[in-house]
Amino acid sequence: MSATRCFAGVDVGSATTKAVLIDEHAVALAHTLLPSGGRLAEAAERVLAKVLDQAGAVAVDVAAVVATGYGRDCVPARTKSVTEITCHARGAHALHPAVRSVIDIGGQDSKAIALDANGMVRRFEMNDKCAAGTGRFLDVMARTLDVALDEIGPVALTAERPASISSTCTVFAESEVVSLLAQGETVPHILSGLCLAITHRINSLASRVGMAPEVMMTGGVAKNVAVVKGIEQAIGLPVTVPDEPQIVGALGAALLARDLAEKEAASGSNAG
Amino acid sequence: MSIDSPSLLETFEQVCANPYQQARAAAEQGVPVAGLMCSYSPQELFHAAGYLPVRILGRAGATPRADQLVQTYSCSFARSALDSGLAGELDFLRLAVFSHTCDTLQNVADLWKRNCPGMQTLIVSTPNQTAGAAAQTYFRKELARVRAELAATAGPISDDDLRASMVLHARHRATMQRLYALRRDNPGALTGRQMMAVVTASFLMPKEEHLEKLTELLGALEQHPPGQADTRPRVLVAGSVCQDLGFIGAIEDAGCRIVDDDLCMGARSFLVPEAAEGDPLDALADQYLARTPCPAFHCPGFDPGTHLLERAQQAGADGVVFLLTKFCDPWAFDYAHAKNTLDEADIPALMLEVEQNLPVPEQFRTRTGAFVEILQSRAGL
């Protein structure tokens, strides 16, 4: 296959590593997602190899790679590291230029981002040091309740009322869940309560940043319909969830890689 | 004679790495050492009485002794300083000096008095309202009481001795201000971490010695021509204390340049008006009350937001990073207001919560990184 000049974004998150490959016209050629595991550099290399393979491209076709996510500095092929805050804003803007607010809940942190009409970050807030109320929280609760992770949202929506969960601390909430089960509380009610607890936590971040329409939700937790619905109610605005909420950061990184390569080409031609 | 600024800067870093080494050595030579917990403790008085005044710092590590005595919502600075006292790490002190500022330090003072035998605990009361004649009368009276208490053990402190000490401290502050000005004009001259080391060492070394080394450093840096134009965003750091040089280093590692600060243990300690003629105690009381007021005080007419905005504008800062010691509510309440003022003036601000114990966490790196990316995109970089 003939070589196309392309650009890659790699997002090394705490739970999953994502890659997106785009061409010169910013058209996505391929995207993929793998568990991050304990060896971040290897995970990054694997996702990159996989998207290249999917697109029928080879490494030399890649003009620039922008790495993001908490493992961004572990990506061997990176041209540059950019924080996931900037990348999520850029990715969300590319998907829906009308987006002015992004709520991202990943495996170990959550963020609320306000952006301008060009997709630049204006303000942001990020959760505290621990992973309370994030994807990891739901992951642990799913195991405690013996429910599949992707079933949490639909099951929670069947509840007539949420059980009262007072904490988003994974350790405290887990013991609360065990007590609730012992008291005879049903699983849907508990799941509904857990989703609501996440909603309250993200709402305090969101209100500090100030949410303006359109609001997009990114990150793995955006796949949970009960959390999305709860957030819509809490902030009083509809929330858009893209088809692949987990790769928005990697998409933003790929677009930034394209900017970077273009900027370099421009300065090169100016100099020459 | 060639002046070697890197090795001089290294000296200051070493002082910060072993903060009490010099004080301990002085104590072993028979010099009485006073440990000051707060910027409102009048170092000039202790110096005039023959004491070596040094600041008590917080420290990293577990605080099991303090944990038995203070609530979980006390800040890590107070907690770790108290733990150092209880553990006997400060046994070289003759005096521990507290000021009546925040609730936590007031209570730690009482705990210190009961639980740290072997040294005298001295509390310097400060007026809760720092403006006006009544505040001056009150604080002058308090300084006179401290002077008399010191005289009981160290002998009388003459007006001339006090004046001489005030002149030394004024010269030191003026020289520190020159270093701050040099950095504002030429941020490439020294890194934020190096500057913070010079600042922190000034609270730990004998003033005469710090002044000498500082003058030498300024001489070396002033000869050094400014480097290439630095396109990195200019940042002002604000807050109470930043004793962990690693935090300052981590902020700059995100890709910005720290060009100034509005820290209590920083520029606020050096931007003090000159002493008036006449009665030295009057002048000293005036000087302390004219400091940028601690957020634990009430000061009519002072607006913390306007103050921070002015400091940021004077520094030509593109953004402000606010280091908030976790559980420090006086600063936390002021921050919300200051942030609004900065927002209105379109100066981006970032608040970072810091603790003595924690290494630089990943979220800190992402936050500072994203903040610098905002500043870069605004500058079209």
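This is a predicted model: local features need pLDDT of at least 70, side-chain atom pairs count only at pLDDT 80 or more; totals for chains, interfaces and linings use all residues.

Trainee: How many Å should the 17 residues of helix H16 (residues 362-378) of chain B span?

Mentor: The expected span is 1.5 Å times one less than the number of residues. The end C-alpha atoms of H16(B) are 24 Å apart, which agrees with the expectation. For its 17 residues, the helix should therefore span 24 Å.

Trainee: Is H16(B) mostly covered or mostly uncovered, and how many of its residues are buried?

Mentor: A residue is counted as buried when its relative accessible area is under 20%. H16(B) is mostly covered, and the number of buried residues is 12 of 17.

Trainee: Which residue with a positive phi follows H16(B)?

Mentor: The phi in question is near 70°. The residue that follows the helix with this value is B:Gly380.

Trainee: How are the planes of B:Phe203 and B:Phe270 arranged: stacked, edge-to-face or tilted?

Mentor: Over all chains, the count comes to nine aromatic pairs. In the pair of B:Phe203 and B:Phe270, the centres are 6.0 Å apart and the planes are at 35°. Planes under 30 degrees apart would be stacked and those over 60 edge-to-face, so the arrangement is tilted.

Trainee: How many residues apart in the chain are B:Phe203 and B:Phe270?

Mentor: B:Phe203 is in the loop between helix H9 (192-202) and helix H10 (207-223) of chain B, whereas B:Phe270 is in helix H12 (residues 267-270) of chain B. Both residues are buried. The pair links distant parts of the chain, 67 residues apart.

Trainee: At what angle do helix H1 (residues 5-17) of chain B and H10(B) pack?

Mentor: Two packed helices are described by the angle between their axes and the distance between the axes. In H1(B), B:Leu8 and B:Phe12 are among the residues that meet H10(B), where the partners include B:Leu214 and B:Leu217. The crossing is left-handed. The axes are 10 Å apart, and the angle is about 145°.

Notes: Residues are numbered from 1 along each chain as its sequence is written. Chains are lettered from A and ligands numbered from 1 in the order in which they are written. Side-chain values use heavy atoms; hydrogens and water are left out. Helices (H or I, at least four residues) and strands (E, at least two) are DSSP runs, numbered from the N terminus. Buried means under 20% relative accessible area, exposed over 50%, partly exposed in between (1.4 Å probe, protein chains only). Rings of Phe, Tyr and Trp (its six-membered ring) pair if their centres lie within 6.5 Å; planes under 30 degrees apart count as stacked, over 60 as edge-to-face and the rest as tilted. Axes are lines fitted to C-alpha atoms, for helices over the stretch in contact, and angles run from 0 to 180 degrees between N-to-C directions. A crossing is left-handed if the near helix is turned anticlockwise from the far one by less than a right angle, and right-handed if clockwise. Contact means heavy atoms within 4.5 Å.
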